[in-house]
Amino acid sequence: MSEASTRLDRRGFLTGASTLAAGSALVAAGGLSVSSASASAPLAGQPMAGAIRRKVGSFEVTALLDGYLDIGSEQVLGHDEDIAANLRKEAFVEGSGYRLPINAFLLNTGDKLVLVDAGTSDQMGPTLGKLGGAMAAAGVTPEQIDAVLITHMHPDHLFGVLKPDGSKAFENAELLLPETDYRFWFDDAALNAAPDAFKPFFLGARKSADAYAANQTLFGSDKELLPGVTSVDLAGHTPGHVGFRVDGGDDGLFIIADAVHVSSLQFAQPDWGIAFDTDPAQAAKTRRKVLDEVSSDGHLVAGSHLPFPGFGHVARSGDGYRFAPADWQYSN
Ligand SMILES: [Zn+2]
């Protein structure tokens with residue numbers, strides 16, 4: 001069998017026998033061999049941009065990967081190493097830490113282009129800040145974004161609204177912020193009470209919001225912010241943390257934002273939290289409520305830190321839950 005026969009195009013696939021014969025003839029005639037063709041393509045040496053699109057009723061929703069963050073087990077509240085070691089084994093997690101993808105979601109409502117969360121810009125290191133490349137891969141420019149909806153004002157969700165030089169990354173966009181979160185991050189008493197390590201979170205949140213002061217809206221929960229997109233209170237992770245229900249008519253999606261951070265642990269152990277939770281007890285209560293709801297109604301969810309692209313369903317499992325990633329959507 002000729003090596004050249006592995007060069008299958010669609011027509012060749014349908015007529016494999018003739019391709020084999022043609023391939024043999026090509027090699028016999030001194031044509032291109034597979035080994036020399038492969039050698040001319042150098043290894044890329046870097047991952048491809050992360051952008052995956054699916055249809056949700058009349059909307060298109062594109063998951064955009066900003067990159068990833070590695071955390072240690074000491075950043076997981078309630079972490080029990082015996083239980084965790086078993087969960088890591090079940091999930092094929094290597095090592096003793098956890099890798100959190102950071103996903104944003106682009107909604108095309110047919111009328112508007114709306115970005116849900118904005119990644120990190122250059123604020124969280126070299127494994128992050130890839131949102132611009134992901135948007136370009138999705139064929140969208142920052143100037144086209146009409147609105148940026150923020151789930152909460154943490155660095156990995158908000159700081160990407162600024163370019164590294166501090167100017168607006170989305171010139172034409174209105175910035176929509178959850179009002180309760182805005183009040184918290186602009187509260188000087190909360191800033192002064194925060195550990196030094198968290199003070200940059202406050203300052204960065206203020207700087208990001210202030211850049212959009214002329215085109216900014218604060219919103220409450222259970223508000224339809226644009227047709228088919230409604231805010232849902234998910235308080236706990238931060239005081240004003242929200243998710244968004246996306247109703248595309250025939251089909252819907254619940255963006256659960258940071259209800260879950262470490263998928264390999266927190267579906268099975270929903271009471272475990274994350275060091276960044278402002279109110280860990282409330283965050284755990286919210287997580288259980290959300291997971292209980294979506295495992296009952298079977299709705300498609302999207303998570304900011306669920307394995308990219310972050311779409312899937314939640315089912316009950318034992319005393320906890322399990323996540324079932326959604327199939328790739330091949331067509332509309
Ligand atoms: Zn987050």
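Reader: Which residues of helix 9 are buried?
Author: They are Phe201, Phe202, Gly204, Ala205, Arg206, Ser208 and Ala209. Buried means under 20% relative accessible area, exposed means over 50%, and partly exposed is in between, using a 1.4 Å probe and protein chains only. This is a predicted model, in which local features need pLDDT of at least 70 and side-chain atom pairs count only at pLDDT 80 or more, while totals for chains, interfaces and linings use all residues. Residues are numbered from 1 along each chain as its sequence is written, and side-chain values use heavy atoms, with hydrogens and water left out.

Reader: What covers those buried residues of helix 9?
Author: The cover includes helix 6 (155–158), strand 7 (174–178), helix 7 (179–185), helix 8 (188–193) and strand 8 (216–219). Helices (H or I, at least four residues) and strands (E, at least two) are DSSP runs, numbered from the N terminus.

Reader: And how far does helix 9 reach?
Author: Helix 9, residues 199–210, reaches 17 Å from its first C-alpha to its last, close to the 16 Å expected. The expected span is 1.5 Å times one less than the number of residues, and helix 9 has 12 residues.

Reader: Zooming out, how many helices and strands does the protein have?
Author: There are 11 helices and 16 strands. Of the 332 residues in the protein, 44% are buried.

Reader: Which residues touch the most other members of the largest nonpolar core?
Author: Leu115, Ile145, Val148, Met153, Leu158, Val161 and Phe170 do, in a core of 34 residues. A nonpolar core is a set of buried Ala, Val, Leu, Ile, Met, Phe, Trp, Tyr and Cys residues joined through side-chain atoms within 4.5 Å. Helix 9 gives the most to this core, with 4 residues.

Reader: What is Val161 in contact with, leaving aside neighbours within four places in sequence?
Author: Its contacts (heavy atoms within 4.5 Å) include Val148, Phe170, Ser208 and Tyr212. There is also a second, separate core of 22 residues, with Val114, Val116, Leu300 and Ala302 among them.

Reader: New topic. What coordinates the zinc ion?
Author: Asp156 (OD), His157 (NE2), Asp258 (OD) and His305 (NE2), at 2.1 to 2.3 Å. Donors are N, O and S atoms within 2.8 Å of the metal (3.2 Å for Na, K and Ca), and water is not among the atoms, so sites may look incomplete.

Reader: Why is the arrangement around the zinc ion irregular?
Author: Because the 4 donor atoms subtend angles of 88 to 172 degrees. Four donors count as tetrahedral if all angles lie between 85 and 135 degrees; four count as square planar and six as octahedral if opposite donors are over 155 degrees apart and all others between 65 and 115; anything else is irregular.

Reader: Where do Asp258 and His305 lie?
Author: Asp258 lies in the loop between strand 12 (252–257) and helix 10 (263–266), and His305 in the loop between strand 14 (301–303) and strand 15 (311–317), so the pair ties together parts that are 47 residues apart in sequence. Both Asp258 and His305 are buried.

Reader: What about the peptide bond from Phe308 to Pro309?
Author: That bond is cis, with omega near 10 degrees. Pro309 is found in the loop between strand 14 and strand 15.

Reader: Last one. Is Phe92 buried or exposed?
Author: Phe92 counts as exposed, because its relative accessibility is 74%. Phi of Phe92 is near 55 degrees, a positive value in a residue other than glycine.
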